[in-house]
Each structure stands twice: as structure tokens, then as C-alpha cells.
Amino acid sequence: NSLHIDNIMSFIGYLSESSSNMAPAIPPAEGCYDSFLEFVFDNNVPRDLSTETTEARASIRKLATEVNTPKTADELIRTYSGQEGLLIKNLSKMKLREDEIAPIIAEIKTLVIETDTPKSAEELLKTYIGREEMLLKNLKKVKEIAPVVADIKTLVDETNTTKTAEELLANYAGREEILLKNLKKMKLREEEIAPTVTEIKTLVDETNAPKTSEELLATYIGQEYILLKNLKKVKAKQDNGEDVMAEVAEMKKQEVAYEEGVDQVMIAEIRVLVEEAKTPKSADELLASYAGKEKMLLENLRKFKAKQDGTEEKKSSGESVNGTGSPGKKKNYNDLIKEKQVAQRVEAGLPVSSSLKRKKDYNDLIKEKQASTRL
């Protein structure tokens, strides 16, 4: 047997190097061994050459080829020297786990190709070791919103956005449908004011305005009609040879300096929310009130709209909309006052305080007492 010959030859070398550490030679018992060398090998065999270790390492090498280990079989054997049984146990668990998640990995690889992710399936699986189900869930979401993302990228190319599609998608992660709605609103508005913008550009050239049409339009977002009106005044005075300094100064006063980080998409979202929430003031009026505080306006409108949506949801499910627990009950005077206060704070440019939540009134306390008495 070649394995035994190799072991014997290795052991002979071992004897020559470590003869001083060997146990004293003991003659074999009658009929127990065919030779003295066989006796010595059985009683002094190094651990690495034992049949048990050899078989364990063979199992390790086989398992290492069957599972996706980051280290080679030789590296694992060196690391787990003397603990081969533990290594086999761990590799067996890994193989069982890989067999269980094989369908998941197959689906992940398919989705990676379909969604054209920047990383390969192997890179993603390495990042999500032990969390393959989460990776699959995330990739399914990416696939679901793929048509939305495609529409967003198209609209970004078609509109005058200052940010790239990638930047906007990062800002609106998990809210891609809202971003798409905002871009559609932005495109619609740009189409509506296209004739106005064309006229503005012509007047800017004719009046030799100190700023370019792009610079002026950037400071009059949502107020293009006012800009056109002002430019017409300047042009009329220039044609009559009159001084235009007063008009130029007035135009400068009306320029809007938006808060840092605010872009056209945010302004578009404000307009969408104003329409959906049916606020008493128009988007232009609110933007004028919140000049330099557009992020606060957007946050307040989002809260206001979320509160409206919650109220409508309770109505449709037959639950109380005023927190009393009695379906269909009309709002009392205090509720109406607080709703009015919320709307007023939104219009005034103030954050909506959590203190405006409805408190229990006299009727609620009476009902609670009656219920506890019945119990």
C-alpha cells in the first residue's frame, strides 16, 4: 500500500531526527508483530502521520472543495492543527447551510444580472455572509423599483435639475415614488412656463441685464412671472430713455436666496404637497413666507400631509378620527381649534409642535369612568 510506504519512509526520517525522544525499544510479543519496525511504528508514530489524522485531513480537503471557504484546505489544516474534529464539524455545518441557501443564491445571481448592480454576485455574497435572505430581499426591492428608477433618470435628463439622478436617488432612498412624482411636477411646470422663460431670455439680452437669464431664473424659481413683469418695466423705461435704477433695485429686492442645499426638486415637492394637502395659501405664498427656510417648510408640509393621510385612513377603517374610540363621532370645538393652530403654524413658517396633540376632554373622562364602573 503506497500510503503505508509513504508513512514508513516519513517515520524513518522522524526516527533519525528524534531518536533521543523515542520510547525505549520493547521486543514485540510472540505473534503480535511481523517485524520490529512495525512495532516501533505503531507505538511511536508521530500524530501527523497517524491514520486518524490522515483520514481527518482527507475529509477536510473534501469538504473545503464543497463549501465556499475564504481559506484553502492547507491553511485551515494549519490553523486547526490538533482540532481537526472541530474543523470538520464547522465545515459540515457550512455545507449544510450552503445546501439550504442554494436556491436563494441562485435567485440572487439572477437578480444581480437583471438589476445590473455595480457589484458582482460574488462580491455581494461575501459582504452578506450569513445574511443572504436580507440580500435577496434588497435585490427584489431594487427590481421592483427598476421601472421607477428608469423614469427618474429620463426625467432628470429632460428637466433642469442641478443634481444628477444618482445624487437624487441617494437623497430619496426608499422614497423613489415621491421623487418621481416631484420630477413629473417639475417637468409639467417647466413646460407651462416655457413661453415665459423664452421671453425672459429675450428681454435679458435686449436690456443688457447685469446677470444672465440662467442666473436670474435661478433666483426667481417659482416667480418667473414676476421676473418677466420686472424685465418688461425695465425694457419700457429703456425704450423711453428713462432711468431704470429704481426698477433694477426693486428686482434685486425680489430675488430669492434659497436655503443652502435646496434644489428645484425640493421646490417641486413643496408644490405637490401644497396641492395634495389643499393648504389655504398657494405654494408661491408659502415659499415667500418661508424664504431662506424652505427645508422647514418642506418638513412641516410632510408632517401636515402625513397627519391628513392618517386621519383619512382611520375614517375609511371606521375608527375614531379624534381619538375617542367612537366611530363617526364629530370633532369637538377643541379639536377644531388645534387643527386650525397647526395650519396657522405651517402658514407662518413655524415648526409644528407635538404639544398640539389632542388631550382628553370632559366627555372622554366621563366615558372612561363609566367603563371602569361597569368592569
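Glu-224 and Arg-189 form a salt bridge, with their closest N and O atoms 3.0 Å apart; the term stands for a side-chain nitrogen of Lys or Arg within 4 Å of a carboxyl oxygen of Asp or Glu. Because Glu-224 sits in helix H13 and Arg-189 in helix H10 (residues 176-192), this pair ties together parts that are 35 residues apart in sequence. Both Glu-224 and Arg-189 are buried, where buried means under 20% relative accessible area, exposed over 50% and partly exposed in between (1.4 Å probe, protein chains only).

A word on the ground rules: this is a predicted model, in which local features need pLDDT of at least 70 and side-chain atom pairs count only at pLDDT 80 or more, while totals for chains, interfaces and linings use all residues. Residues are numbered from 1 along each chain as its sequence is written, and side-chain values use heavy atoms, leaving out hydrogens and water.

**Salt bridges**

- The count of salt bridges comes to 16.
- Arg-57 pairs with Glu-84 in a salt bridge whose closest N and O atoms are 3.6 Å apart.
- Arg-61 forms a salt bridge with Asp-74, their closest N and O atoms lying 2.6 Å apart. This pair also links distant parts of the chain, with Arg-61 in helix H3 and Asp-74 in helix H4 (residues 73-79), 13 residues apart.
- Arg-61 is partly exposed, with a relative accessible area of 41%, and Asp-74 counts as partly exposed at 38%.

- Helices here are DSSP runs (H or I, at least four residues), as strands are (E, at least two), numbered from the N terminus.
- H5 has a kink of about 55° at Ile-101, shortly before the proline Pro-103; the bend at a residue is the angle between axes fitted to the seven residues ending there and the seven starting there.
- The buried residues of H5 are Glu-84, Leu-87, Leu-91, Ile-101, Ile-104, Ile-108, Leu-111, Val-112 and Thr-115.
- These buried residues pack against H3, H4, helix H6 (121-127) and helix H7 (132-144), contact meaning heavy atoms within 4.5 Å.
- Just after H5, Asp-116 takes a positive phi of about 55°.

**A closer look at Ile-108**

- Ile-108 lies in helix H5 (residues 84-115) and is buried, with a relative accessible area of 0%.
- Leaving aside residues up to four places away in sequence, Ile-108 touches Leu-125, Glu-132, Leu-135, Leu-136 and Leu-139.
- The C-alpha atoms of Ile-108 and Leu-136 are separated by 5.7 Å, although the two residues are 28 residues apart along the chain.

**H11 against H13**

- Helix H11 (residues 194-207) and helix H13 (residues 224-239) pack at an angle of about 30°, their axes 10 Å apart. Axes are lines fitted to C-alpha atoms, for helices over the stretch in contact, and angles run from 0 to 180 degrees between N-to-C directions.
- The crossing of H11 and H13 is left-handed, that is, the near helix is turned anticlockwise from the far one by less than a right angle.
- On the H11 side, the contact includes Ile-200, Leu-203 and Val-204, and on the H13 side its residues include Glu-224, Leu-228 and Leu-231.
- The residues of this contact divide into eight nonpolar, three polar and five charged. Ala, Val, Leu, Ile, Met, Phe, Trp, Tyr, Cys and Pro count as nonpolar, Asp, Glu, Lys and Arg as charged, and the others, Gly among them, as polar.
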